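Look at the sequence and the model first.

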Amino acid sequence: MNASETGYRDWSNLTNLLDLPPQQWPMYFKEMLGVPAFHGKNAARWVFRRNAYSWQDMTDLPAQLRERLSEKMPLLTSTLVKVSHADDGACKILLRHSDDALVEAVGMPGTKGRTLCVSTQVGCAVKCVFCASGLDGVQRNLSAGEILQQVLWLRREQGDFHRLVVMGMGEPGHNLDATLQALDCLMHEEGFQFAARRITLSTVAPRGTLPQLAEWGRQISVAISLHAAVDEVRHELVPGVAKRTLLDTLQEADQLFFATGREYTVEYVLLRDRNDQPEHAKELAKLLQDRRCHVNLIPYNPVPELPFERPSSETMDEFVHTLHDAGLSVTLRTSLGGNQDAACGQLRRRTTSPPSGSEVV
Ligand code: SAH
C-alpha cells in the first residue's frame, strides 16, 4: 500500500502529523521515516489514548526517533496564548498558529462530564448579524489537525471530556472535509475512540452540507441554525445563506433523518423584538410541524459591538410554551461562560482588538 492508496496524497508536504488519520500513522512511519510501522501505531496511542502532548512524552519510542520527530514536525503546532475561566466553570482557551491565526475553544462543565466546543475556521463568512465570529469575515479554514489540537490543548488543561460540540468559530459546512476528518479521528478505533452520539455539529446548512453528512452517515447529532421561520427574516439574520430557502434546508434535514435515523436539532437564537414575538413562535411551530426535530432556543448572548438585546424571561417562556403547545419538543438553553467572552469569536476579538482584560499565560 502506498500513500495515494491510503487517501493522503502528499506525505512529503505534511507538516503536522495530526493532519494524517491515525490509521495511516504506521504506514507514514514505515515509508517516510524508515522505522518499523508499529512505532506509528504506538505514537498514535500515546497521543489519543495516553495523554502525550509532545514526541518526547512518548517514553518507549526510540530516543533518536523522538529527537527526529521533534525537529521535523512538532506534535502541537499551536501555542496556548490565553486561558480564561468563568465563574460557572467554563474554560476558554486561545491558540496561536505560526501564521498568527488565533483560534478559540471552550471546555464547559456538565452533569456527566465536560463538553468541549471547537472551532472549524478562523473567523466566519456567514456573518450572522448577532454573532461575534463573523464581524471581520473569514481568515482561513482550519485543517483537521488544527481542529484536533483544540481537543488536545483542552484535554491537557482540564482532563477528559464527555461530549464534543462543533459550535465554536466558523461554519463547519464551509470546511466540511477537514471537520469530518477531525471527527473521524475522534471516533476511530486508533484515535480517541469517542462515541459518535456524544458529538454535535452545528451548521447554518449551506448547500451540500446536509447531503454530505447524510452520505457520511455517522450517528452524530446535527444542529441546524435556523433563527427564523420565514425566509425574509432568516436572510436578514443569516446573510450567508441568502440564496437558500428554509424549505430547501429543511427538506435536506428530513433526508438526513431518513439516512441516519437521527432526529436533528433546530437552533434558534432569541433576539428581542426581532424573532421573539408570539407570531414568530407560531410561524416556527407551523414550519416544524411533523418534522423529526427538537428545538433548542438560545437566549442571545450580548456582544459589545452589536445592537441586539436578549428578550425578557417572560417573552422567552411564552415562546417556549407556544412551541410546546403545538406539540414540539423544545428546550431553552442556559448559557455557560457568559461572563468570560463565551459567545463565539469574542475572546479572539478581544485579543486582536486591544485592550484585553483576560489572563495571559
Ligand atoms: N456556524 C455554526 C456554529 C456556530 S456556534 C452555526 O451557525 O451553527 C453555535 C450556535 O451559537 C449557532 O446557532 C449560533 O447562531 C449561536 N450564536 C452565535 N452567536 C451567538 C450569540 N451572540 N448569542 C447566542 N447564540 C449565538
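A polar contact here is a pair of N or O atoms within 3.5 Å. The model is predicted. In it, a nitrogen atom of the ligand sits 3.2 Å from a polar side-chain atom of E171. G170 contributes through its backbone: one of its polar backbone atoms is 3.0 Å from a nitrogen atom of the ligand. S225 uses its side chain, where an N or O atom lies 2.5 Å from an oxygen atom of the ligand.

How much of the ligand does the protein bury? Alone, the ligand exposes 530 Å², and the protein buries 94% of that area.

## The shell around the ligand

The ligand is surrounded by 20 residues. M167, S202, S225, H227 and N301 are the closest.

By class, the shell holds eleven nonpolar residues, seven polar and two charged. Three strands each supply at least two shell residues: β8 (199-203), β10 (264-270) and β11 (293-299).

## H97

Where does H97 sit? H97 lies in the loop between β2 (91-96) and β3 (102-108). Is H97 buried or exposed? The cut-off for buried is under 20% relative accessible area. H97 has 4% relative accessibility, so H97 counts as buried.

Which residues does H97 contact, apart from neighbours within four places in sequence? They are T77, S78, V103, R140, E146 and Q149. Of these, V103 falls within the span of β3 (102-108).

Conventions
Residues numbered from 1 in each chain as written. Predicted model: local features only at pLDDT ≥ 70, side-chain atom pairs only at ≥ 80, totals over all residues. Heavy atoms only, no water. Helix = DSSP H or I, 4+ residues; strand = E, 2+ residues; numbered from the N terminus. Buried < 20%, exposed > 50% of the residue type's maximum accessible area, 1.4 Å probe, protein only. Contact = heavy atoms within 4.5 Å. Near = heavy atom within 4 Å. Polar contact = N/O pair within 3.5 Å; in protein donor to acceptor, adjacent residues only side chain to side chain. Areas by Shrake-Rupley, 256 points an atom, 1.4 Å probe, with all protein chains shown as cover. Nonpolar A, V, L, I, M, F, W, Y, C, P; charged D, E, K, R; others polar.
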